[in-house]
Amino acid sequence: MSGPSKNPTILEKIYAQRRLDVEQAKATPGTSFEDINTYLAMGLAPKLIPLVPRLKTNPSSSSTNPSLSLMAEIKRASPSKGAIAMDTNPAQQALKYAEAGASVISVLTEPTWFKGSLLDMRLVRQAVDQTPNRPAILRKEFIFEEYQIAEARLHGADTVLLIVAMLTHEQLTALYKYSCSLGMEPLVEVNNQTEMMRALELGAKVIGVNNRNLHSFEVDLGTTTKLVDLVKEKDVILCALSGISGPQDVRVYKEQSVHAVLVGEALMRAQDTTTFIRELLEWPA
Ligand SMILES: O=C(O)c1ccccc1NCC(=O)[C@H](O)[C@H](O)COP(=O)(O)O
């Protein structure tokens, strides 16, 4: 990301704060990059599952009319909405997501704007660890250094988010390769055609189109639709991210052969999570 601007966007503010947070973590005895690498070399990271096959399975995938897969998010708060569900317990919420059939559980680990943490992610992972066909765990973070990816793996992630808009070509390539070297196929996030071309050149197998513009907060569900043709006939799992709130949204994406949806706020606000998920995805009971 380029240097400081006069009126920084929220993405620039988060990036600047995260740089300070990461520097502090690396300087803390016991969590230096060397320490994290030692823990990984000692085999202390929990076993991972591969993202691509997990995303291809959902409660409807063996039916004659399969629907999309779900990436269900743990999101206490956000820059655009403020507090969303401050009292929700992440481990209990994750168990509901797993039992309802989510393929991925996305955990926001950013503390300042999203009120998340690595501890949330670790406990989510522990909560779903023994569930049948457990969901993959996604570290939803603003990643710009290998350190954050190593940390994610150590704390039980199966995959990490790489936001194309935040990264130079060199950073994106290096982080993608590093994540794959740890066995984690990343979710590569794009918001427009140029970013989609960058993700495809990278060889990303799982690409998420964020319907939310991270500079302006504007949400347009048509953002994914506009980019669908660019991945047709390609061996890519296409996911629609943000702003999805009801079965009508998912139905449109199903017609367009989108493979998965990532849903945060609507799930965190749902009264009955299990029923909401089944109706959202139109999965069999
Ligand atoms: O959600 C925000 O306000 C936000 C602002 C700036 C950067 C990222 C932001 N959200 C991260 C996400 O990508 C969403 O949490 C995720 O896609 C789920 O979105 P939703 O279903 O609309 O909660």
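This is a predicted model: local features need pLDDT of at least 70, side-chain atom pairs count only at pLDDT 80 or more; totals for chains, interfaces and linings use all residues.
A residue is called buried if 20 or more other C-beta atoms lie within 10 Å of its own, exposed if 12 or fewer do, and partly exposed in between, with the C-beta atoms placed from the backbone. By that rule, 44% of the 285 residues of this protein count as buried.

Residues are numbered from 1 along each chain as its sequence is written.

Let me begin with the overall form. The protein has twelve helices and ten strands; these are DSSP runs, numbered from the N terminus, of at least four residues in state H or I for helices and at least two in state E for strands. The C-alpha trace spans about 55 × 40 × 35 Å along its principal axes.

Over residues 11–280 the chain is 42% helix and 16% strand.

We turn now to the interior. A nonpolar core is a set of buried Ala, Val, Leu, Ile, Met, Phe, Trp, Tyr and Cys residues joined through C-beta atoms within 7 Å. The largest one holds 79 residues, and Met71, Ile105, Val124, Leu138, Ile207, Cys239 and Val261 touch the most other members. Helix α5, residues 118–128, gives the most to this core, with six residues. In general, nonpolar side chains tend to be buried together in soluble globular proteins.

Nine of the eleven residues of α5 are buried, including Leu118, Met121 and Val124. Against what do they pack? The partners are the strands β1 (69–74), β4 (104–108) and β5 (136–140), together with the helices α4 (90–100) and α6 (146–154).

Two residues are in contact if their C-beta atoms, placed from the backbone, lie within 7 Å. Leaving aside neighbours within four places in sequence, Leu138 is in contact with residues that include Met71, Ile105, Ala157 and Leu187.

Next comes the ligand. It is surrounded by 19 residues, the closest being Ser78, Ser80, Ser242, Gly264 and Glu265; a residue is near if its C-beta atom, placed from the backbone, lies within 6 Å. Strand β10 (260–263) and helix α11 (265–269) each supply at least two residues of this shell.

Ser242 sits in the loop between β9 (237–241) and α10 (247–255). Is Ser242 buried or exposed? Ser242 counts as buried because 25 C-beta neighbours lie inside 10 Å. Beyond four places in sequence, Ser242 touches Asn210, Asn211, Arg212 and Val219.

Finally, consider the backbone. Most residues other than glycine have a negative phi. Ser257, in the loop between α10 and β10, has a positive phi near 65°. Ser257 counts as exposed, since it has 11 C-beta neighbours inside 10 Å. Glu282, in the segment after α12 (273–281), also has a positive phi, of about 55°. Glu282 is partly exposed, with 14 other C-beta atoms within 10 Å.
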